[in-house]
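I set out to record what could be looked up in this structure. The entries follow in the order in which I made them.

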Amino acid sequence: QVQLVEFGGGLVQPGGTLRLFCAASGSISRFYAMGWYRQAPGKQREWVASITQSGLRNYGESVQGRFTISRDNADNAVYLQMNSLKFEDTAVYYCQSDLGTGPRGVNWGQGIQVTVSS
C-alpha cells in the first residue's frame, strides 16, 4: 500500500555531491528498516545503505565514508547524502521500505537516475 517516490537525482561531475530523498505516502515509523539500493547497467542490484527503526545505519563497502543515510519520521522521508561521487556511482537508485514481515512487506520506489560524468 505504501508509495515511495525518489527525488533529487541528476547529472553531477566526479567529486560532486547529490542528495536524494524518498517520500513515503504514510508514516515510516512502522517500518523495520528503510534503505537505498542501486543498479548500474549490466550489474545486479546492489545494497547501498539502510537505517533501522532504532537509527542503526549500515553501508555498503563501496560507499562507506562517502554516503550518509538519514530519516525524518515527521516528514515521512528518507535521505541519502552522496559526497565525493565517482564514475562507478552511476546507477538507478531505489528507495526501499521493509516491514520485516516477509516479502509482502517490502516495497520499492520507481527508481531515479544518478549519473556521474565529466
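**Entry 1: Serine 97**

I began with serine 97, which counts as buried because its relative accessibility is 0%, and buried means under 20%. The model I consulted is a predicted one. I located serine 97 in strand β9. I then listed its contacts, leaving aside neighbours within four places in sequence: Val2, Leu4, Phe31, Ala33, Met34, Gly105, Val106 and Asn107.

**Entry 2: Fold and overall dimensions**

I next asked how many helices and strands the chain has. I found 0 helices and 11 strands. Read from the N terminus, the order of elements is β-β-β-β-β-β-β-β-β-β-β. The radius of gyration of the chain is 13 Å, close to the 13 Å that the globule rule gives for 118 residues, so the chain is as compact as a globular protein of that length. I noted that the C-alpha trace spans about 40 × 25 × 25 Å along its principal axes.

**Entry 3: Burial, contacts and surface**

Of the contacts with a separation of 6 or more, 53% are between residues 24 or more positions apart. For the charges, I recorded 10 positive and 8 negative ones, whose mean positions are 2 Å apart.

**Entry 4: The nonpolar core**

Which residues have the most contacts inside the largest nonpolar core? I found Trp36, Leu80, Met82 and Tyr93, in a core of 29 residues. The elements that give two or more residues to this core are β3 (18–24), β4 (33–39), β5 (46–52), β7 (67–72), β8 (77–82), β9 (91–98) and β11 (112–116). Strand β3 gives the most, with 4 residues.

I then followed tyrosine 93 further. Not counting residues up to four places away in sequence, tyrosine 93 touches Glu6, Leu20, Trp36, Tyr37, Arg38, Val48, Phe67, Leu80, Met82, Gly111, Ile112 and Val114.

**Entry 5: Positive phi values**

I checked the backbone last, with one general point in mind: most residues other than glycine have a negative phi. Asparagine 76 is not a glycine, yet has a positive phi of about 55°. I placed asparagine 76 in the loop between β7 and β8. Serine 84 also has a positive phi, near 50°, and lies in the loop between β8 and β9. With a relative accessible area of 41%, serine 84 is partly exposed.

Definitions and conventions
Residues are numbered from 1 along each chain as its sequence is written. This is a predicted model: local features need pLDDT of at least 70, side-chain atom pairs count only at pLDDT 80 or more; totals for chains, interfaces and linings use all residues. Side-chain values use heavy atoms; hydrogens and water are left out. The radius of gyration is taken over C-alpha atoms; the globule rule is 2.2 Å times the number of residues to the power 0.38. Contact means heavy atoms within 4.5 Å. Lys and Arg count as positive and Asp and Glu as negative; His and the chain ends are not counted. The place of a charge is taken as NZ of Lys, CZ of Arg, CG of Asp or CD of Glu. A nonpolar core is a set of buried Ala, Val, Leu, Ile, Met, Phe, Trp, Tyr and Cys residues joined through side-chain atoms within 4.5 Å. Buried means under 20% relative accessible area, exposed over 50%, partly exposed in between (1.4 Å probe, protein chains only).
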